[in-house]
Amino acid sequence: MSNNNHQITRFLLKESDIPQYWYNIYADSPAAPSPVLNPITNETITPDFLSAIFPMELIEQEMTTDRYVKIPDEVREKYQLYRPTPVIRATHLEKALGTPAHIYYKVEGVSPSGSHKTNTAIAQAYYNKKAGTKALTTETGAGQWGSALSMACQFFDMDLEVYMVKVSYEQKPYRRILMESYGATVYSSPTDRTQSGRSILAEHPDSPGSLGIAISEAVEVAALSNGKKKYSLGSVLNHVLLHQTVIGEEALKQMDMAGEYPDVVIGCVGGGSNFAGIAFPFLRENLVNGRNTRLMAVEPTATPSLTRGLYAFDYGDSAKMAPIVKMHTLGHDFVPAKIHAGGLRYHGMAPAVSMLYDAGLIEATAVHQVPVFEAAKLFAYTEGTLPAPESAHAIRGAIDEALDAKEKGEKRVILFNLSGHGNFDLSAYEAYFSGRL
């Protein structure tokens, strides 16, 4: 595994190294989580209210302060389809940048559906199946989450309705086709199938949609199904972030194999799940074992919830049906620009990520999509993988860190989460190469 002569070095774990536990940051955070409020009464939410849309074991995970949650054998068995995922040292990128920094990346795009979202999709489908759920509803931005949950629902023999944000539905037809290939029914949101969708269309007939709107539609369908359908989401809430920590737990072992420890860990951030997945286990090492790794969330300037949003209680969706949480938010009625990183077009940020940012335990920066695509192109030219536009935000952050290290003459160890590939995002790259961004 020599690093000589800028040779690519892959750090591979065995199947037995797949984590046996998910990690819960609430157990170690010096900042206390804020209550989740009922959107109807504004009082602290109860498990009974949540049970209309979630199975009880996921509700328990949402509320637990236990440090570790056991991963069921049935979930770990499905994880073996693609986990453990590699960590690769980006030696060719380092050489192109002329930086003394060492850059590593965790490759979550090797999952069958193409992104990190599979980590929680399998878990949520399992718990729903165990609870007797027959069908799920969900939203999706760019389609990575919808694709992952579509596959997971097939694994556990459940039907799925996906409300896909309209602008991504039109920009990314192949993600829709992938979802349909796994057996899901996909709708362009806002639709005329729900009261929340119809109200948006009445006021804004040409609405491009948003994750907040799509969440409203999916939650409404689940809530009105009399228990026949449950709702599943791919980011924001704590049980989702919990499931993603397999990323960081594996990465800790792989950095040990590399003989280095990251000075900075980077992830793109929209709702917060992939950033939390790689960052939270390293934050535990900071809090418990005295490490001093910087944790950097990179968001788009089009939806800068961390860097420009208000830290306040807000609804998780546009129609005010989802629980009220304290988060960095641009407002539940915010409709972002039609950027190609559809998975990052959310008005708010995960409560856990927001809490840690407010406490100064993590950092955040916002970047414009043109330099993001410039970074993606350089990464594809040097490392060979075409990244998803969302993941390219993390690449931009890593490149900026490496260039800063070059300017200062510092050796700096950088680890970022390559959360998904861009093979279904070619229309976005076409727009970039033709100068239409």
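**Cavities, a buried strand and aromatic pairs**

The second largest cavity holds about 140 Å³ of space. It belongs to a predicted model, in which three cavities of 30 Å³ or more are counted. The briefing then turns to strand β7, six of whose seven residues are buried, and to the aromatic pairs, which number 16.

**Cavities**

- Thirteen residues line the second largest cavity, and L233, L237, G316, A322 and P323 lie nearest its centre.
- The lining of the second largest cavity is made up of twelve nonpolar residues and one polar residue, with no charged residue.
- The largest cavity has a volume of about 320 Å³.
- Its lining comprises 26 residues, with K117, L211, G234, S235 and G343 nearest the centre of the largest cavity.
- Two or more residues of this lining come from each of β6, α6, α10 (211-223) and α13 (273-289).
- By class, the lining of the largest cavity contains nine nonpolar, 14 polar and three charged residues.

**Strand β7 and its neighbours**

- Strand β7 spans residues 159-165, and six of these seven residues are buried, so the strand is largely enclosed by the rest of the structure.
- Strand β6 (residues 135-140) runs parallel to β7 and is joined to it by six bridges.
- The chain passes from β6 through helix α6 (residues 144-155) to β7, forming a right-handed β-α-β crossover.
- Strand β8 (residues 185-189) also runs parallel to β7, with five bridges between the two.
- Y163 of β7 is the bridge partner of E139, and Y163 also stands opposite Y187 in β8.

**Aromatic pairs**

- The count of aromatic pairs comes to 16.
- In the pair Y105 and F379, the ring centres are 5.0 Å apart and the planes lie at 75°, so the pair is edge-to-face.
- This pair links distant parts of the chain, with Y105 in strand β5 (residues 102-107) and F379 in helix α16 (residues 369-383), 274 residues apart.
- Y105 is buried at a relative accessible area of 2%, and F379 is buried at 0% relative accessibility.
- The rings of Y429 and F433 have centres 6.4 Å apart and planes at 35°, so this pair is tilted.
- Y429 and F433 are four residues apart in helix α18 (residues 426-433), which means that about one helical turn separates them.
- Y429 is buried, with a relative accessible area of 4%, whereas F433 is exposed at 53% relative accessibility.
- One aromatic cluster is formed by F373, Y429, Y432 and F433.

Key
Residues numbered from 1 in each chain as written. Predicted model: local features only at pLDDT ≥ 70, side-chain atom pairs only at ≥ 80, totals over all residues. Heavy atoms only, no water. Buried < 20%, exposed > 50% of the residue type's maximum accessible area, 1.4 Å probe, protein only. Pairing = 2+ DSSP bridges. Right-handed = clockwise from strand over helix to strand, strands pointing away. 1 Å grid on protein atoms, 1.4 Å probe; cavity = no way out; pocket = protein on both sides within 12 Å on 5 of 7 lines; lining within 4 Å. Points joined across faces, edges and corners; volume = space filled by probe spheres on them. Nonpolar A, V, L, I, M, F, W, Y, C, P; charged D, E, K, R; others polar. Phe/Tyr/Trp six-rings, centres within 6.5 Å; stacked < 30°, edge-to-face > 60°.
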